[in-house]
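Dear colleague,

A summary of the findings follows it.

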Amino acid sequence: MRLILVFSLAISLVAAPCGAAGPGAMVSLSQTSGKVFYLRAGSTVWAEVGAGHVLSPGDRVRADAGARATVDFGDGSRVEVGSNASFTLQESPAKETIVQLSIGRLRAWIAKRVDQKFSVRTPTAVCSVRGTEFAVEVNPQGNTRVEMFQGLLAVGDNAGNELLLKDGQQLDVTTKGLGSLEGQGAGPSGAELRREAAKREVGLEMTKEEVQAAAALEQKNAIYQQGKAIIDVNGHRVRIEEYIVRSKPDEFKLVVLNSRADRFDYFYYRGTFNKALPDDISTALRQMPGCIDSPCDYFLTSFDTGRSNTMDTMRETAGGGHLVDVNNNGVAQDRVTEAFDSATDRFVILNIPNPGGAGNQPFYQTLYNTNLLTFNGVQHGGWTPSAAAVAAPWAPPGLPLGTYTKNSTTHITEFAGATATTLRQGAVCGPPNCTYKEAGVVHEVFYSESVDGKTWDKYDNYIISDDGKIAQWSDFAGITGGAEYKQTMLKWNFQTIVTASEFGGRKIDLAVEPRIFIQSGLIQ
Amino acid sequence: MNANAMKRRFSLNAVLAGAICAVSAASASAVEYIPVCKASLLGGQYFLKGTNANVNANGSLNVAPVVRFSDQWSLIPHYWFNYQGTKGVGDGVGAGTLWQQQMDHKVGFTGIFSPAATDWKHKHSVSYRRNFMKETLDESWGYGLFDYDKLAVGIEAENVYNDPFSYRLGFDAYKIGFPNYKSLESQTGVDPAGNPLNRELTSVDVLDTWNFQLSAAGSRPYPYEDPVVSLHATYSVLWQVYNDQRLVNRLGQFNTNKPFGRQDFQQNIGLAVGYPTTMKMWGRDLRVSYTMGVTAGHNGSNQNSFDAARTQFIHDAYSYYSFGVGPNWSVAWGDKKRPSSVNLSFQFNHQQYTGRLAQNSEGVYTGSNQWQDRYIASLGQSYPIATGFNLVARANFLWAASNQAMEKTYLYTYRTANYMMGFTYEY
């Protein structure tokens with residue numbers, strides 16, 4: 001590939017002309033040292049030459065090893081031909097001076113002219129300059145090195161690449177194109193330009209990648225925002241999905257699914273209402289916890305709720321549900337002093353001036369005739385109607401004393417209150433098989449077992465933050481009422497771990513919003 | 001493949017990429033072969049709401065042995081590795097996780113054709129990216145819930161009419177899949193009474209999307225002949241199809257609208273003006289660049305949501321408008337090839353949902369639509385220590401505010417920060 005080098009001065013930076021040269025100006029050897037030869041145009045015989053010799057177009061000058069010659073162009077421009085260099089003054093157009101450097105080194109001081117161009121040609125290049133000081137060297141392989149001493153030079157190659165050489169910069173040009181600029185303030189070379197172009201393409205590719213990846217990040221964040229992924233108390237990720245299924249016209253099912261890396265747990269609540277549900281199911285569901293002041297339009301007549309780890313199941317069913325004003329039914333133990341008002345999403349304190357009597361703020365709630373609590377099918381609690389009065393009369397909420405049999409009579413549940421220890425079957429008990437509160441953090445354990453100790457169940461209830469930290473009691477500081485406590489609890493997550501004598505050491509581990517449990521009556 | 005095997009494979013990939021980087025650097029003189037390499041190793045810390053994560057490392061490696069067949073044809077094979085042990089302030093703060101580890105591997109090829117005697121470049125690209133994420137104690141590489149992969153193809157035409165100024169028009173199609181994320185509902189069986197737990201028409205791969213994006217970008221000097229500032233504009237429109245996410249109706253049930261369920265249509269526009277100048281200060285010649293950028297966007301989605309815990313239907317839950325504005329100021333001094341630099345930027349972003357309802361701190365829906373403001377300030381410094389090597393330090397701060405006061409599972413109003421220090425290498 002023939003490489004054409006074009007050195008062109010940036011016109012805007014050229015100073016005004018100074019002096020005249022061009023046609024008629026005499027070109028001569030102004031100084032020589034060592035053996036300098038010349039070859040007249042058309043001749044084949046070299047002759048030694050000295051200072052003062054006038055050159056004509058076509059004449060060649062050669063400096064021997066260690067020799068040097070200075071050529072004066074008569075317009076202030078001069079070229080110094082170095083050792084072992086071969087130089088030819090070429091025929092040239094009217095406003096151009098052309099010299100050919102076949103091999104070796106020359107240094108040029110070119111006067112600033114707007115009407116006269118000065119060119120240096122090498123075997124592979126043409127250098128056209130005005131008003132600058134530079135040096136050109138050609139090696140036996142034809143590679144060229146350009147050194148700028150003063151001025152500004154735009155350099156282009158036949159591939160279309162251009163570079164600006166400034167004071168003190170050097171440039172190598174090979175048959176492969178422009179090399180790297182060297183020296184102070186060197187700008188980019190052709191290779192560097194290609195590298196920059198490559199970097200730019202890679203950069204654009206990465207920018208595009210960021211934009212596309214943002215779509216994935218947005219999808220992930222949407223899952224978090226919906227509370228579908230939280231961290232549990234053990235530092236494990238819990239995926240949560242909650243949804244409602246309208247299984248029959250008068251029946252709905254609320255489902256909470258939990259998934260961890262190695263387990264799957266779920267909670268469901270299937271409730272049957274007194275009549276067909278409205279299109280907006282929330283109208284009925286918001287009345288589930290009960291209704292303040294006036295009877296509920298929608299109330300449950302039965303429910304079936306359960307938790308499972310897909311192997312073990314805790315299940316509670318109830319039937320015979322009917323609506324009762326529990327604050328004015330004459331049964332003091334049925335009274336509700338605080339209630340979750342779904343309409344306002346808040347717990348409210350009810351006005352009960354006459355417990356067990358009349359004149360209290362009405363609160364209508366479903367009471368059930370039957371109730372059954374089982375763990376893997378083994379009954380742990382509940383009640384069923386009894387044909388006759390039993391020896392130890394007992395009544396479920398809202399029902400007459402002595403007409404019902406409590407199936408959980410074999411179970412004793414003792415609550416610790418606010419202390420870390422409590423009585424267990426009349427004796428002081430301690431963790432883990434006891435009902436107690438862990439000191440400092442909101443972790444409550446509820447434990448009950450049969451008198452013979454053969455069946456038992458245990459609930460570990462935690463209130464945790466979104467990143468799985470157990471709430472401190474100090475987070476509930478200043479809260480004295482149960483309603484206020486429950487209200488604050490709504491802002492946290494609720495994790496409950498259930499195990500029982502029938503589970504063989506396995507657990508049902510659910511992390512949910514407490515609202516689900518409050519709404520379903522599992523938290524009173 | 002188990003996690004350890006994957007880890008070994010990725011380590012091997014990183015070593016190979018490093019070797020390519022070194023070999024590339026050694027043979028940099030070839031004209032048809034232009035190695036581009038960029039690497040960084042940084043250590044830092046992430047802070048959120050007054051608590052801090054442990055010091056961790058971030059590292060990245062970008063290798064592109066560009067092959068220049070001729071003046072017209074080039075091929076850019078591209079490998080990108082990224083490890084992030086310290087969260088960025090812009091990362092989601094869902095679940096409040098201070099700790100997060102991410103790893104990315106991306107392989108891509110871009111072919112570039114530059115017709116002779118024109119300013120045009122035609123680019124065709126294909127790439128595959130795999131993202132791994134660990135956020136919890138029970139997640140391991142390859143088994144993160146939010147791991148995703150992305151397969152992308154794209155074409156682009158660029159006219160470099162006045163280098164470096166150009167205008168571009170491109171089209172990309174890409175599929176994002178979350179291999180470890182399946183809806184839980186699709187994996188349920190029956191309850192103890194024998195009734196199915198899931199709803200009808202349950203979807204499985206609810207996060208997977210097909211994405212089709214048209215983008216345009218341009219830059220020009222102004223005034224054209226004697227530039228004082230540079231102007232930049234971008235526009236993109238993205239059609240996002242959730243192939244397996246059915247629409248949720250007013251009753252909280254799924255609609256039977258296969259083959260298309262959720263579709264999002266997102267548009268973004270960005271404008272920026274840059275003003276480069278020089279100044280002398282403390283005896284140094286400083287190269288200063290001021291940039292002011294403005295962005296606006298809109299996402300239109302047909303998806304709704306249903307809050308089962310509160311039995312609240314939320315229409316148009318994913319549509320939003322966004323707006324951003326911010327200046328950037330950078331100063332460089334010293335050798336242009338090895339400059340020292342300081343960069344300072346500030347960005348304000350506002351996002352306004354058109355249907356998603358805000359909740360108070362107790363979870364009660366307020367009736368107002370959700371919005372969030374984010375203020376991000378960044379400060380960075382780079383100092384050359386050897387050819388290609390820079391010592392860098394960065395600090396980022398983010399303030400977020402929102403009318404969504406319910407923050408049980410996701411933070412909306414918070415402050416976060418991080419800092420990173422280390423080395424970068426570029427060849």
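The notes below cover the conventions, the chain contact, the salt bridges, the disulfide with its sheet, and the nonpolar cores.

This is a predicted model, in which local features need pLDDT of at least 70 and side-chain atom pairs count only at pLDDT 80 or more, while totals for chains, interfaces and linings use all residues. Residues are numbered from 1 along each chain as its sequence is written, chains are lettered from A and ligands numbered from 1 in the order in which they are written, and side-chain values use heavy atoms, with hydrogens and water left out.

Chain contact. With contact taken as heavy atoms within 4.5 Å, 81 residues of chain A and 94 residues of chain B take part. The buried area (accessible area, 1.4 Å probe, that two parts lose on being put together, summed over both) is about 7500 Å² between chain A and chain B, with 53% from carbon and sulfur atoms.

Salt bridges. A salt bridge is a side-chain nitrogen of Lys or Arg within 4 Å of a carboxyl oxygen of Asp or Glu. In one of them, Lys199(A) pairs with Glu426(B), the closest N and O atoms being 3.4 Å apart. Lys150(B) and Glu209(A) form another, at 3.1 Å from N to O; Lys150(B) belongs to strand S7 (residues 148-162) of chain B and Glu209(A) to helix H1 (residues 190-225) of chain A. Helices (H or I, at least four residues) and strands (E, at least two) are DSSP runs, numbered from the N terminus. Both Lys150(B) and Glu209(A) are buried, that is, under 20% relative accessible area, where exposed is over 50% and partly exposed lies in between (1.4 Å probe, protein chains only).

One disulfide (cysteine sulfur atoms within 2.5 Å) is found in the whole structure. Cys291(A) and Cys296(A) form it, with their sulfur atoms 2.0 Å apart, and both cysteines are buried. The S-S torsion is about 125°, so the disulfide is right-handed. Cys291(A) also stands opposite Tyr364(A) in S29(A). An open sheet of 3 strands runs in the order S23-S29-S26 (chain A) with antiparallel pairing, where two strands pair if DSSP finds at least two bridges between them.

Nonpolar cores. A core is a set of buried Ala, Val, Leu, Ile, Met, Phe, Trp, Tyr and Cys residues joined through side-chain atoms within 4.5 Å. The largest has 43 residues; Phe252(A) and Tyr269(A) are among those touching the most other members.

Yours sincerely
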